[in-house]
Amino acid sequence: MDVEPAGTGTGTGTGEPELELLDPRVRYQVERARAEHGPDFDALPLSLTLLLHRVTAMLVKASSLDIEPLGLTTAQFNVLTVLHRAERPMTMTQLAETLSIRPPNLTTLVDMLRGRGLVAKTVSRADRRSFRVVTTAEGDALMADFLPGHWRFMSEFYAGLDAAGQRTLATHLDRLLATLHNGEGSAEIASNIVAAACDDG
């Protein structure tokens, strides 16, 4: 699809000042939606959705590029980093909830990491039906060696914002995440969103 020039901003349909969109692809999609739905169309939810989607896609690509030498997928890397930071072994349920991953998918990831000797899984003494997962010495050593450079690499991803802008972005994203988990606004919608996110892993 060709990206056609469009206006520099997009109205919210609420009388608020226009949102200035710099990304031409997002701006084009928003302008097409306004053309379809009329001048009263509130373009802000669509704008946020498209912007978050594009930033997330680029973030995943950047992170995947950096961790490629480890021979790990992004999902495997996320499991390993969470376990590396944990103060004690985690149950599979705790790990799944922390990562928003369905338990069957998590089992596959953990088993692959076990195969490489990076994590260990044992039966819980308190509940024989439950498993606890922990990084091995090899897994901890790998993360301790790799993570400082990884975070320096990823800091470049956010370099387009100064420190104040990064803190503001973190504050707003944290607030959005909290409202979704706490069911603020529409409890039904929020619960459905969180459940879908967990199901998608």
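## Confidence

Mean pLDDT for the protein is 85, and 80% of its residues reach 70 or more. Residues 1-8 stay under 50. The model has 15 contacts beyond four places in sequence for that segment. Where pLDDT is low, the predicted coordinates should not be read in detail.

## Overall fold

The protein has 8 helices and 5 strands. Along the sequence they follow the pattern β-β-α-α-α-β-α-α-β-β-α-α-α.

Of the 201 residues, 27% count as buried. Among contacts with a separation of 6 or more, 51% come from residues 24 or more positions apart.

Strand 4 and strand 5 (residues 131-135) run antiparallel and are joined by 5 bridges. Within this pairing, alanine 120 stands opposite valine 134 of strand 5.

## Salt bridges

The count of salt bridges is 4. One of them joins the side chains of aspartate 23 and arginine 54, at 3.3 Å from N to O. Aspartate 23 lies in the loop between strand 2 (19-20) and helix 1 (24-37), and arginine 54 in helix 2 (residues 44-67), so the pair ties together parts that are 31 residues apart in sequence. Both residues are partly exposed: aspartate 23 has 22% relative accessibility and arginine 54 has 28%.

Other pairs sit within a helix. Arginine 34 and glutamate 31 form a salt bridge, with the closest N and O atoms 3.9 Å apart. Both lie in helix 1, 3 residues apart, about one turn of the helix. Arginine 34 is partly exposed at 21%. In helix 5 (residues 103-115), aspartate 111 and arginine 114 are also 3 residues apart, about one helical turn. Their side chains meet at 3.5 Å, N to O. Aspartate 111 is partly exposed at 37%, as is arginine 114 at 40%. A network of salt bridges links Asp111, Arg114 and Lys121.

## Histidine 150

Histidine 150 lies in helix 6 (residues 137-155). With a relative accessible area of 1%, histidine 150 is buried, because the cut-off for buried is under 20%.

The side chain of histidine 150 makes a polar contact of 2.7 Å with that of aspartate 66. Leaving aside neighbours within four places in sequence, histidine 150 is in contact with Ser63, Asp66, Ile67 and Phe77.

Note on methods
Residues are numbered from 1 along each chain as its sequence is written. Side-chain values use heavy atoms; hydrogens and water are left out. pLDDT is the predictor's confidence in each residue, from 0 to 100. Contact means heavy atoms within 4.5 Å. Helices (H or I, at least four residues) and strands (E, at least two) are DSSP runs, numbered from the N terminus. Buried means under 20% relative accessible area, exposed over 50%, partly exposed in between (1.4 Å probe, protein chains only). A polar contact is a pair of N or O atoms within 3.5 Å; within protein, one must be able to donate a hydrogen and the other to accept it, and residues adjacent in sequence count only if both atoms are side-chain atoms. Two strands pair if DSSP finds at least two bridges between them.
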